[in-house]
Amino acid sequence: MKIAENIQKIKQDLPPGVQLIAVSKTKPAETILEAFAAGQRHFGENRAQELAAKFPLLPSDIEWHFIGHLQSNKVRFIAPFVSLIQSVDSLNLLHAINLEAGRNQRVIPCLLEIYIAEEATKAGLSEAEACRLLESDVYRNMKNIRIEGVMGMATYTDDVSQIRQEFRMLRRVFENLRSAYFSNAETFREISMGMSSDYKVAIGEGSTMVRIGSSIFGERNYI
Ligand SMILES: *Cc1c(COP(=O)(O)O)cnc(C)c1O
């Protein structure tokens, strides 16, 4: 029952209103069930086909978050059931999500992934690109998506002050976008930031959602 203990320990660090997303990528259904038995309901996955394969094996009251790079042609695998797509990094992808959501007669909540790290390998939109997306007619005409906030990943470094600065930047982007485009929409409220190594810093900077994998499930074995 190590998983249950890990979840309890992390939850003690979370202020009220901060959601814990258990990142279960690469982990089998049995492992996810262990976390479910400990009361965890929000899980994060980063591959569309892996998530689509796990979905029918697990309880239907799980809320599935998609947190990885998503190709437009893979959206259909998760569109029927996904709770929140956190990693929208282009208007094209948002368009594909809107289309598949319509086919499933639903609205899919999304976050815009914002680029805040120093590393060129990390994905996401700049603030200017996010503004352009939100100002486009294509976006304004979408009926089957709802943008609920932003997501970001800090640089992988021991330098806490750098991580703090990057999270602070994400919060500032969130506030700028909210006041420019969502001033009377209470649905724009999420700042998804913080992973196993940096979630305490993220909470200090206003995170509303932490995405934690290895501190719950142990190290991942990539094949
Ligand atoms: C894997 C992953 C996480 C969780 O990382 P840990 O270091 O295992 O907590 C969080 N966010 C994203 C986008 C990920 O891909």
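A crossing of two helices is left-handed if the near helix is turned anticlockwise from the far one by less than a right angle, and right-handed if clockwise. The model examined here is predicted: local features need pLDDT of at least 70, side-chain atom pairs count only at pLDDT 80 or more, and totals for chains, interfaces and linings use all residues. Residues are numbered from 1 along each chain as its sequence is written, and side-chain values use heavy atoms, with hydrogens and water left out.

Helices H6 (residues 127-135) and H8 (residues 160-181) have axes that come within 11 Å and cross at roughly 25°. Helices are DSSP runs (H or I, at least four residues) numbered from the N terminus; axes are lines fitted to C-alpha atoms over the stretch in contact, with angles from 0 to 180 degrees between N-to-C directions. H6 and H8 are therefore roughly parallel (under 35 degrees), and their crossing is right-handed. In the contact (heavy atoms within 4.5 Å), Glu127, Ala130, Cys131, Leu134 and Glu135 of H6 meet Val173, Asn176, Leu177 and Tyr181 of H8. Six of the residues in this contact are nonpolar, one is polar and two are charged.

The residues around the ligand (a heavy atom within 4 Å) include Val23, Lys25, Ile67, Met153, Ser196, Arg211 and Ser214. Polar contacts are pairs of N or O atoms within 3.5 Å. A polar side-chain atom of Ser196 lies 2.5 Å from a ligand oxygen atom, and one of Arg211 lies 2.9 Å from a ligand nitrogen atom. At Ser214, a polar backbone atom is 2.8 Å from an oxygen atom of the ligand.

Note on methods:
Helix = DSSP H or I, 4+ residues; strand = E, 2+ residues; numbered from the N terminus. Parallel < 35°, antiparallel > 145°, perpendicular 65-115°, else oblique. Nonpolar A, V, L, I, M, F, W, Y, C, P; charged D, E, K, R; others polar. Polar contact = N/O pair within 3.5 Å; in protein donor to acceptor, adjacent residues only side chain to side chain.
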